[in-house]
Amino acid sequence: MKFDNPLIIQTDRTILLDVHAPLAASCRDALIPFAELERSPEHIHTYRLTPLSLWNATSAGFSAEDAIKVLYEYARYDVPQAVEAWIRETAMRFGKLRLIEGPKGALLNGSDEYLYLETDSEAVYKEICALPVGKKYLSPQGKEGENYRFLLSLTDRGFIKQELLKSLWPVKDDVTLKDGEPLNVSLRETTLSGKKLTIRGYQREAAEAIVGNRGAGTGFGTIVLPCGAGKTIVGMTIMDLLKTNTLIITTNISAVHQWIDELLDKTTLTKDDIAEYTGENKQIKPVTVATYQILTYRKDKESEYKHFSLFRKRAWGLIIYDEVHTLPAPVFRVTAEIQAIRRVGLTATLVREDGLEGNVFSLVGPKRYDVPWKELEKKGWIASAECVEIRVNLPEQKELEYAVASTRLKHRIASENSEKLTIVQKIVSQFPNDKILIIGQYLSQLKDAATLLNAPIITGKIANAERDKIYNDFRENKIKVLVVSKVANFAIDLPDASIAIQISGTFGSRQEEAQRLGRILRPKERMSRFFTLITRGTVEEEFGSNRQKFLAEQGYSYRIVSYDDENAIENLSREFIG
């Protein structure tokens, strides 16, 4: 027993981390590759080992023995033998089933329309035979050499990977991917804007983790890096390594324009090489940047997704799924069909509120690279940040209305607490030298904030040209305060923003919390500050606690400040300045 150690490992595969123990910070970083954070109150954080967390770790080269070593190194008490055995057995399931090249010329006149799914275990073979997906989509071939094989149609490749994952059988895809049309693209040494382009070590490592040796089992996967760490640079580095036609899909038109500007500035591509495929402009060129929104557009629920044809209109050699954790469910369908194309998902967090992390794993690809946020902060690659939760009372005249409301309406009443705007105004006045984002969920509340602060506002209803102009004015310091809705959660680069004030959010979304903090993590001399305004004693406290889980896992703590008097913000400001 080592009573100074921070971990208590329990037989139900939950892991308790004592945040006050001497080694808590290094232990948290060691857990990130293979354990999922469940709860993060003040003193004890709860992690859980899951099959998907282990398989993501294994696919990134983090073995079962590595995970067990971490547990032994930080355990306060003995590591339960059952947990150790479960880790080994579960991790071994990844790679037990492999997809490999199918027969050549035997079935369809030399075509490669079939693949083999193989295993070296007769027991696994018989189990797969008995599964519904095995009976319907897999043709048993018996033992060939050292392995047992199934034959499957190439077009069923993605679907079968999805279905087998649901049965806790992850498939290791070792089929060599097809090359797309070649494209002469390279990173510049000096950008068009005149700055030296330096690819950071972790950015190159992330890109190389995807590309590998270009052989079987390489060329697909997910890169997890914090907002502000340069995921766009990683994507462009992959393009430089592969030199092939590329389809980039991102969250909104502003992000499309941002990608295009970055490609023109930092690569040898010209305007003739790059096209925008959005609701406003539908062109296709060797590098095409599209939105998820246009891909999932259809006239009605019975119609086809006509823009899915974009995936087949060119011989793409690479597809980049930007902010892959937001990938709409319909896009999973077409992604399942195009498993032969090299593909990469870029994200700050693999958390999906719809629980479809398994689809990202099986269809886009497992996690290939991850790095703790705090590690990048220590090296100066992202800004240091302090998170402050300010709790405010609900006005007396709203208490009865809140008491009798439904849960959803309770959330809105608490979120739109009018007292929050008073606090926002005070924060803005106390930090006149900072670039400030006011972020929220409800449009009426955001409009009130914009009017009170005489600040521009960006919502989904603002025309894209006007939206881009406002973002640019903020970057060029023409405006210092900007009010934004959830449209600014993803893929928007506002490098000088140093304060974010979250006045309302989606129901307990951890994904959203990570993205909103990311708006202020671009490297800068000033410490960034993330304020969250919560109505005391309401459902907002519970939802807020859930949103904070992911940030707690990355090492950020929320300090709670009670807004009980009008001097609270002034005191907070003096503390920061001091």
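**Aromatic contacts and a parallel sheet**

In this predicted model, one aromatic cluster is formed by Tyr-125, Tyr-148 and Phe-150. Ten aromatic pairs are counted in total. A pair of aromatic rings is described by two quantities, the distance of the centres and the angle of the planes. For the pair of Tyr-125 and Phe-150, the centres are 4.7 Å apart and the planes form an angle of 35°, an arrangement classed as tilted. An angle under 30 degrees would have counted as stacked and one over 60 as edge-to-face, so the value of 35° falls between these two classes. Tyr-125 belongs to helix α5 (residues 122-130), whereas Phe-150 belongs to strand β8 (residues 147-153); the pair therefore ties together parts that are 25 residues apart in sequence. Both Tyr-125 and Phe-150 are buried.

A further aromatic residue, Phe-220, is found with charged side chains over its ring. Lys-161 lies over the face of Phe-220, at 5.7 Å from the ring centre. Arg-368 also lies over the face of Phe-220, and its distance from the ring centre is 4.9 Å.

The model also contains an open sheet of seven strands, paired in parallel and arranged in the order β19-β20-β18-β21-β22-β17-β23. Ile-390, for example, has Leu-533 in β22 as its bridge partner.

Terms used:
Residues are numbered from 1 along each chain as its sequence is written. This is a predicted model: local features need pLDDT of at least 70, side-chain atom pairs count only at pLDDT 80 or more; totals for chains, interfaces and linings use all residues. Side-chain values use heavy atoms; hydrogens and water are left out. Rings of Phe, Tyr and Trp (its six-membered ring) pair if their centres lie within 6.5 Å; planes under 30 degrees apart count as stacked, over 60 as edge-to-face and the rest as tilted. Helices (H or I, at least four residues) and strands (E, at least two) are DSSP runs, numbered from the N terminus. Buried means under 20% relative accessible area, exposed over 50%, partly exposed in between (1.4 Å probe, protein chains only). A charge sits over a ring if NZ of Lys or CZ of Arg is within 6 Å of the ring centre and within 35 degrees of the ring normal. Two strands pair if DSSP finds at least two bridges between them.
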